[in-house]
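Okay, thanks for coming, everyone. Let me put the structure up and walk you through it piece by piece.

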Amino acid sequence: KNQVEQSPQSLIILEGKNCTLQCNYTVSPFSNLRWYKQDTGRGPVSLTIMTFSENTKSNGRYTATLDADTKQSSLHITASQLSDSASYICVVSARTGANNLFFGTGTRLTVIP
Amino acid sequence: NAGVTQTPKFQVLKTGQSMTLQCAQDMNHEYMSWYRQDPGMGLRLIHYSVGAGITDQGEVPNGYNVSRSTTEDFPLRLLSAAPSQTSVYFCASSYSDVSEQYFGPGTRLTVT
């Protein structure tokens with residue numbers, strides 16, 4: 001069964017600290033993995049998309065890694081800011097045409113001063 | 001370039017009422033989708049379209065209809081609202097099934 005699991009469910013960190021969010025998946029055949037940031041009351045916004053051949057990708061202070069062998073991904077946030085407070089959603093795309101996206105339930109990150 | 005727009009932002013309906021949630025995109029994307037997001041659950045696909053005139057069901061299609069008469073617009077119709085349809089609805093579009101999806105700002109629907 002195609003599934004995407006994220007951990008932790010929620011996380012509280014101090015401003016300026018780093019953190020890492022995890023995503024494990026069982027989606028097959030794999031096409032790509034995406035990380036989205038969703039601010040409260042808004043739609044998700046794409047942070048990174050990684051294909052099978054990419055094992056790391058950065059977008060500013062956000063760095064995503066992918067291990068396609070173990071089917072794991074992580075999102076590392078460096079020097080967190082208050083504006084990083086949001087939900088982070090891992091989405092895995094299967095190579096099966098349309099209707100091929102599998103969503104995690106997200107990690108709720110709160111950055112406190 | 002407005003991206004993906006949705007109207008209304010908020011809506012309250014009584015059980016049994018019908019309404020249409022509007023979605024439009026100006027990026028000439030072929031792929032468009034409707035999702036609902038409920039607390040503690042991931043986004044769930046309601047209906048999707050791979051081009052004008054083509055629609056298909058997603059994971060939770062019951063109680064919803066869609067049509068795609070143009071590339072730009074993809075309205076979602078609630079036929080007879082039920083309290084179980086209380087949710088936040090997101091429309092998304094993309095160039096292809098493997099490319100980045102762009103989401104609208106969402107419509108928060110409450111059915112009493």
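Let's begin with a pair of charges: the side chains of Glu54(A) and Lys57(A) meet in a salt bridge, with 3.3 Å from N to O. Keep in mind as we go that this is a predicted model. So, how accessible are these two? Glu54(A) counts as partly exposed because its relative accessible area is 25%. Lys57(A) is partly exposed too, since its relative accessibility is 31%.

How many salt bridges are there over all chains? The count comes to five. Two of them I'd like to show you in chain B. Arg36(B) forms a salt bridge with Asp38(B), and the closest N and O atoms there are 3.0 Å apart. Asp38(B) also meets Arg44(B) in a salt bridge, at 2.8 Å from N to O. Are Asp38(B) and Arg44(B) buried or exposed? Both are buried, and Arg36(B) is buried as well. Salt bridges that share partners join Arg36(B), Asp38(B) and Arg44(B) into one network.

Okay, on to the sheets. In general, strands of a sheet pair through backbone hydrogen bonds, either parallel or antiparallel. In chain A, five strands form an open sheet, in the order 1-3-8-7-6, and the pairing is antiparallel. Which strands sit at the edges? They are strand 1, residues 4–7, and strand 6, residues 56–59, each pairing on one side only. From one strand to the next, the twist averages 15°. If you zoom in on strand 1 of chain A, you'll find it paired with strand 3, residues 19–25, in the antiparallel sense over four bridges. Within that stretch, Gln6(A) stands opposite Cys23(A) in strand 3 of chain A.

Strand 1 of chain B is joined to strand 3 of chain B by four bridges, and the two run antiparallel. Gln6(B) is opposite Cys23(B) in strand 3. On to the next pairing: strand 3, residues 19–25, and strand 8, residues 76–78, of chain B pair over three bridges, antiparallel. There, the bridge partner of Met19(B) is Leu78(B) in strand 8.

Which residues make its covered face? Those are Met19(B), Leu21(B), Cys23(B) and Gln25(B), while Thr20(B), Gln22(B) and Ala24(B) make the uncovered one.

Back in chain A, look at Arg34(A), which is found in strand 4, residues 30–38. Arg34(A) counts as buried because its relative accessibility is 0%. What does Arg34(A) touch? Among its contacts are Thr48(A), Ile49(A) and Leu101(A), and from chain B there are residues including Asp97(B), Val98(B) and Glu100(B). Cys90(A) is also a contact of Arg34(A); these two are 56 residues apart in sequence and 5.8 Å apart in space, C-alpha to C-alpha.

For contrast, here's something on the surface. Ile12(A), Leu14(A) and Ile112(A) make a nonpolar surface patch of about 280 Å². Ile12(A) lies in strand 2 of chain A, residues 10–14, and counts as exposed because its relative accessibility is 61%.

Most residues other than glycine have a negative phi, and most peptide bonds are trans. Where do we find a cis bond in chain A? One joins Ser7(A) and Pro8(A), with omega about -10°, and Pro8(A) lies in the loop between strand 1 and strand 2 of chain A. In chain B, the peptide bond from Thr7(B) to Pro8(B) is cis, with omega near -5°. Pro8(B) is in the loop between strand 1 and strand 2 of chain B.

And then there are the positive phi values. Lys71(A), not a glycine, has a phi of about 60°. You'll find Lys71(A) in the loop between strand 7 and strand 8 of chain A, and it counts as partly exposed because its relative accessibility is 31%. Ala79(A) has a positive phi near 50° and sits in the loop between strand 8 and strand 9 of chain A. With a relative accessible area of 35%, Ala79(A) is partly exposed.

Definitions and conventions: Residues are numbered from 1 along each chain as its sequence is written. Chains are lettered from A and ligands numbered from 1 in the order in which they are written. This is a predicted model: local features need pLDDT of at least 70, side-chain atom pairs count only at pLDDT 80 or more; totals for chains, interfaces and linings use all residues. Side-chain values use heavy atoms; hydrogens and water are left out. Two strands pair if DSSP finds at least two bridges between them. Axes are lines fitted to C-alpha atoms, for helices over the stretch in contact, and angles run from 0 to 180 degrees between N-to-C directions. Patches are made of residues with over 30% relative accessible area and no salt bridge: like charges are joined within 9 Å, nonpolar side chains (Val, Leu, Ile, Met, Phe, Trp, Tyr) within 5 Å. Accessible areas come from the Shrake-Rupley method with a 1.4 Å probe; for residues, only the protein chains shown count as cover. A salt bridge is a side-chain nitrogen of Lys or Arg within 4 Å of a carboxyl oxygen of Asp or Glu. Buried means under 20% relative accessible area, exposed over 50%, partly exposed in between (1.4 Å probe, protein chains only). Contact means heavy atoms within 4.5 Å. Lists of a residue's contacts leave out its neighbours within four places in sequence.
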